[in-house]
Every structure is written in structure tokens, then in C-alpha cells.
Amino acid sequence: MSTGELIGLIVGIALVLLILLVVLASRGKQQPQRLCGGCKRVMLPVWTKCLFCGWAPVARLEFILGPMANQVLQLTDEVTTIGSVAGNTVVLADPAVSRKHAGIRKLDSNYELADLGSTNGVYVNGHKVPKRTLVQGDIIRVGNTEAVFKRES
Ligand SMILES: [Zn+2]
């Protein structure tokens, strides 16, 4: 192999690497970086809370069915309760909802949904559950009300 061929080969490899780099870089730009609301460092998508300072985004319920449809409830309280009578965080005038039907408790950076002894049960993604740690996108059903659990900012 002559020197000219060798240089050509090296330039060729360098070009391919450069194109690969540009493709990878442009791919990375499509996903917006998630910044910590506390220390403003970049958070990886798998983190449910900032590993630097412990900050966690406030989760919310986006109601999609029932009397609360199109409303959003920020889960800022330690305990959020859902039921048919006054005193609950969310009051649902629905005969299928028990007086104290369900509760969502904040545990560190997790949100735990629990059936508080309801008559008709609590459903997550179509399954009746006594208790469950909620994840992004879970669909919660209580009586005739459905809400999506969201925790991304
Ligand atoms: Zn942080």
C-alpha cells in the first residue's frame, strides 16, 4: 500500500467517524434535557428525583373522565384523598364512589395509591388494586372518574 492510499484510507475513516458523530449529536438534540428544579443540573430520564440534591418534580393527576374531566390536580399534599363527601381533597358526586374511596400518599419521591376500603374498588390501568406505587402514565379509575398520573415536568 502506497503512502497516498494510506492517507486516503485514513481520511475516509475520519470522514465516516465525523458523519457518525454529527448523526449522533443531532439525535441527542431531539430529546430536550430535563433540568433539576432545585440545583438546575441535568437529570437523566430514569431518575425519579435529582441524585444531586434530592429535588423531585411534583406529580399531578390529569382527569380525563367524570365530573373533574379536563382538570389538573397537583399532588402537593402529603396525602391526597378521593371520596364522595366533604373533607376529601377531591370530592366526587358519584354514587359509585365511596365516602372515603382512595388516597395517594407521598413517600419520599414515590406516590402510593391505596384503596381506603371502598365498595367498588380502585383500578389502575384496568386492574383492581388494593395498593400500588404509581408510575408516569398510570390511568387511575375511581367510580366513573378516570385520571392520568403524570410526574414529568
Ligand atoms: Zn438537583
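**View 1. Five strands line up in an open sheet with mixed pairing.** In this predicted model, the strand order reads β6-β5-β7-β8-β11. The edges belong to β6 (90–91) and β11 (131–133). Each of these has a single partner strand, so one side of each is left without a neighbour in the sheet.

**View 2. Here we zoom in on β7 and its two antiparallel pairings, with β5 and with β8.** Strand β5 covers residues 79–83 and is tied to β7, residues 102–107, by four bridges. On the other pairing, six bridges link β7 to β8, which takes in residues 110–115. Glycine 103 is a handy residue to look for: threonine 81 stands opposite this glycine, and alanine 114 in β8 is its bridge partner. Then there's the hairpin of β7 and β8, with two residues between the strands. Aspartate 108 takes a positive phi in that hairpin, near 55°.

**View 3. A second open sheet has six strands and antiparallel pairing.** Going across, you get β4-β3-β13-β12-β9-β10. Which strands stand at the edges? They are β4 (72–74) and β10 (127–128), and because each has a single partner strand, one side of each is left without a neighbour in the sheet. At the β10 end, two bridges join that strand to β9, residues 122–124, and the two run antiparallel. Valine 124 has histidine 127 in β10 as its bridge partner.

**View 4. Now for the largest nonpolar core, a set of 17 residues.** Those with the most contacts inside this core are Leu75, Ile82, Leu92, Ala102, Leu113, Ile140 and Val142. Two or more residues come from each of β7, β8, β12 (139–142) and β13 (145–150). So who does leucine 92 touch, once its neighbours within four places in sequence are left aside? The list runs Gly66, Pro67, Ile82, Ser84, Val97, Val142, Gly143 and Thr145.

**View 5. Arginine 151 sits in the segment after β13.** Is this arginine buried or exposed? Arginine 151 counts as buried because 20 other C-beta atoms lie within 10 Å, and the cut-off for buried is 20 or more. Apart from neighbours within four places in sequence, its contacts are Pro57, Ala59 and Gln136.

View 6. Along the sequence the pattern is α-β-β-β-β-β-β-β-β-β-β-β-β-β. The C-alpha trace spans about 85 × 30 × 25 Å along its principal axes. What is the radius of gyration of the chain? The value is 24 Å, whereas a compact globule of 153 residues would come in near 15 Å. Burial is worth a glance too: 19% of the 153 residues count as buried. As for contacts with a separation of 6 or more, residues 24 or more positions apart account for 32% of them.

Technical notes: Residues numbered from 1 in each chain as written. Predicted model: local features only at pLDDT ≥ 70, side-chain atom pairs only at ≥ 80, totals over all residues. Pairing = 2+ DSSP bridges. Rg over C-alpha atoms; globule rule 2.2 N^0.38 Å. Buried ≥ 20, exposed ≤ 12 C-beta atoms within 10 Å, placed from the backbone. Contact = placed C-beta atoms within 7 Å. Core = buried A, V, L, I, M, F, W, Y, C linked by C-beta atoms within 7 Å.
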